[in-house]
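Q: Here is a structure I have not seen before. Please take me through the terms used to describe it and show how each one is applied.

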Amino acid sequence: MVQKSRYILQRLALMLVSLFAVITLLFFLFRVLPGDPASQLVSPRFSDEQRQALLEIHGLTEPLHVQYITYLGNVIQGNFGVSFQHGSPVFPFIVDKTINTLSITMPAVLLAFTFGPFVGANFAWHRNKPLDTYGTGVVLVAFAAPIFWTGMLGLMVFSFYLGWLPAGGMHAPTYTGTGLVDRFVSADFLRHAILPIVIFFLWRLSQPTLIIRNNMIDLLNAPFLKLKRAEGLSERNVMYRHGARNALLPLIHYSALAIGFAFGGSIILETVFSWPGVGRAMWSAVLASDYPVAQGAFTMISVVIIVLNFVVDIISVYIDPRVAEEGVQT
Amino acid sequence: MGALTDRLSRNQQIVLNSYRNRLVEIATVFGQNRAAIVALVIVSITVFMAIFAPHLAPYEPTETVYAADGSVATLQEPTLAYPMGTNHFGQDVFSQWIYGSRVSLLVGFLSGLSVITIGSTVGLISGYYKGVLDLVLMRVVDILYALPATPLVLVIAMFYGSSVWTVIIAMILVLWRTMARLIRSETLSLAEQPFVKAARASGASDLRIMFVHIAPILVPIMLIEGTFIMGASILLEAGVSFLGLGATDMMSWGVMLQLTFSSGAIAFAWWWVLPPGLSITVLVVSFFYLSRGIEDVTNPQLR
């Protein structure tokens with residue numbers, strides 16, 4: 001029990017250090033790199049007074065260390081400044097976009113982590129037989145195929161050739177809903193979301209599948225499985241109830257990594273499907289040199305990854321207390 | 001004197017034979033892995049294509065081609081003259097596809113080699129010295145895991161301008177993290193082995209122990225992860241180029257797909273969409289299978 005609390009406290013401290021480091025890193029990444037925000041923001045046509053006024057609105061006239069301290073204070077309060085493009089506050093904008101991103105990435109990742117272990121367990125059971133050899137190949141190909149390309153192929157077939165699905169966006173152009181519930185609970189949303197979810201799911205399937213496959217292969221000759229077979233349990237029973245369950249443990253750690261990959265991939269996926277998510281917001285901000293939005297989106301993505309990693313650490317120590325012993329030593 | 005040289009040459013013979021046997025053994029194990037052989041062939045063909053691109057491509061990648069009546073040949077379906085058709089600028093897709101292999105391989109090999117160098121060095125130092133240095137380096141690795149690669153490459157490209165080199169450098173900055181973790185955990189246990197203590201007792205310096213005694217044992221892991229990184233970075237470059245912030249100075253497969261997408265030709269121009277995407281997929285899968293082939297050879301437990 002003491003060990004568990006020590007472990008949780010240690011992880012909490014690590015999370016805070018990581019959060020601080022990433023937020024600092026991103027601040028300097030965006031200020032110190034060439035092409036300073038002032039020159040990006042202010043067109044040469046402006047008069048000196050206009051220029052000065054604009055810089056002051058965005059807090060760019062102060063020395064760097066003052067800007068940094070102001071920035072830290074602002075980030076803690078959820079204030080990421082205002083967008084250069086549309087002049088509205090960045091934080092509510094980014095939060096709204098992140099919800100849109102989660103509406104396709106979460107179902108896809110959940111599906112992958114539900115089906116993957118099942119598929120992987122079957123591969124392991126048929127190790128070195130055609131099902132395993134070709135199945136693993138298919139999963140690897142699905143991982144190696146760029147998602148913007150598979151997305152384009154999906155659009156080509158299902159929306160341009162067959163005409164079954166819309167060619168992008170989150171809703172039909174006539175959509176006027178305002179609440180979160182009617183944004184995500186409608187046939188219209190589903191019609192738009194299904195293709196990106198499937199493409200994303202196929203891309204993310206490889207990791208849980210192959211991890212479970214390899215873990216199961218290591219377990220196949222474990223004494224406790226031999227015992228279960230000797231007890232006369234069916235192969236099916238041995239495989240799912242006893243084998244797969246033990247192979248699942250390491251997967252919990254990978255789920256946090258998978259969420260990180262999901263956000264990285266969402267930029268590309270959302271561009272293909274014109275999905276109004278945080279990735280696409282970041283991309284258009286980068287193209288328009290709208291650095292408060294780009295920085296806010298990047299910070300948001302990193303903070304979500306770090307916090308979810310912490311949550312996963314906590315969940316795994318409750319499922320498998322041995323984690324605490326290994327964790328505290330390092 | 002004669003006896004001595006005799007014995008020397010016999011010893012050399014034995015050493016040579018054992019090397020030859022080892023090579024034959026490696027080749028045999030690798031040869032049994034059919035997927036790895038196919039992968040090796042595909043990578044070799046791509047290397048050939050990249051090196052001899054100017055001789056293989058019928059046109060320059062950005063050259064405008066003309067139909068018989070003198071008009072620009074835009075969006076033509078594949079014919080004998082244009083085996084992969086033409087794009088909406090009237091450029092030969094086949095020539096672009098051949099030149100595109102150069103970017104993918106350049107990106108793959110450069111970032112693979114750099115990741116092996118940087119990741120292994122950090123891992124060796126971290127695992128060998130332990131303590132505060134280890135703690136600091138591993139926290140840096142933790143933080144890198146919170147920075148998704150695609151956005152980071154995007155942002156760096158935004159400031160430094162988009163080119164192949166920006167993309168490669170930005171990728172190397174993040175991708176060494178896994179290598180560092182792998183090499184560190186292996187080094188931690190190797191550093192406790194008797195041979196390291198023996199080396200230290202006989203006066204070997206830390207550098208010598210790390211790079212002459214420990215590192216060679218870890219070469220297989222470096223190769224396995226390095227080959228995987230080659231595939232992964234080819235994918236990453238394609239993605240960033242697709243977003244319009246990658247290899248804008250060279251014709252890459254990702255750039256080709258970006259042009260297809262932004263011109264709206266994905267609605268019908270299958271000849272322009274299929275080759276680059278398929279090539280990326282096949283090349284990346286080949287690197288993954290090569291990585292697994294190396295694993296087969298170096299890890300007897302898997303056989």
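Q: Why is S274(A) called partly exposed?
A: S274(A) has 13 other C-beta atoms within 10 Å. A residue is buried if 20 or more other C-beta atoms lie within 10 Å of its own, exposed if 12 or fewer, and partly exposed in between, with C-beta atoms placed from the backbone. The count for S274(A) is 13, so this residue is partly exposed. This is a predicted model, in which local features need pLDDT of at least 70, side-chain atom pairs count only at pLDDT 80 or more, and totals for chains, interfaces and linings use all residues. Residues are numbered from 1 along each chain as its sequence is written, while chains are lettered from A and ligands numbered from 1 in the order in which they are written.

Q: What makes the phi of S274(A) worth a remark?
A: Most residues other than glycine have a negative phi. S274(A) is not a glycine, yet its phi is positive, about 45 degrees. The residue lies in the loop between α13 and α14 of chain A.

Q: Where is K130(B), and why is it called partly exposed?
A: K130(B) sits in the loop between α4 (93-129) and α5 (131-145) of chain B. It has 14 other C-beta atoms within 10 Å, so it is partly exposed. Its phi is also positive, near 50 degrees, and it is a residue other than glycine.

Q: What makes up the secondary structure of chain B?
A: Chain B has 11 helices and 0 strands. Helices (H or I, at least four residues) and strands (E, at least two) are DSSP runs, numbered from the N terminus. Of the 303 residues of chain B, 45% count as buried.

Q: How do you know that the span of α2(B) is close to the expected one?
A: The expected span of a helix is 1.5 Å times one less than its number of residues. Helix α2 (residues 34-51) of chain B has 18 residues; from its first C-alpha to its last it reaches 26 Å, close to the 26 Å expected.

Q: Why are the buried residues of α2(B) said to line one face?
A: A36(B), A39(B) and V43(B) are buried in α2(B). Seen down the helix axis, the buried residues fall within an arc of 60 degrees, so they line one face of α2(B). The arc is that of the directions from the helix axis to the C-beta atoms. On the face turned away from the buried side are the exposed residues R34(B), V41(B), S44(B) and F48(B).

Q: What makes a set of residues a nonpolar core?
A: A nonpolar core is a set of buried Ala, Val, Leu, Ile, Met, Phe, Trp, Tyr and Cys residues joined through C-beta atoms within 7 Å. The largest has 145 residues, and among those with the most contacts inside it are M152(A) and V153(B). Helix α9 (residues 206-242) of chain B gives the most to this core, with 16 residues.

Q: Which residues does chain A bring to its contact with chain B, by class?
A: Two residues are in contact if their C-beta atoms, placed from the backbone, lie within 7 Å. The contact takes 35 residues from chain A and 33 residues from chain B. The side of chain A that touches chain B has 28 nonpolar, 7 polar and no charged residues. Ala, Val, Leu, Ile, Met, Phe, Trp, Tyr, Cys and Pro count as nonpolar, Asp, Glu, Lys and Arg as charged, and the others, Gly among them, as polar.
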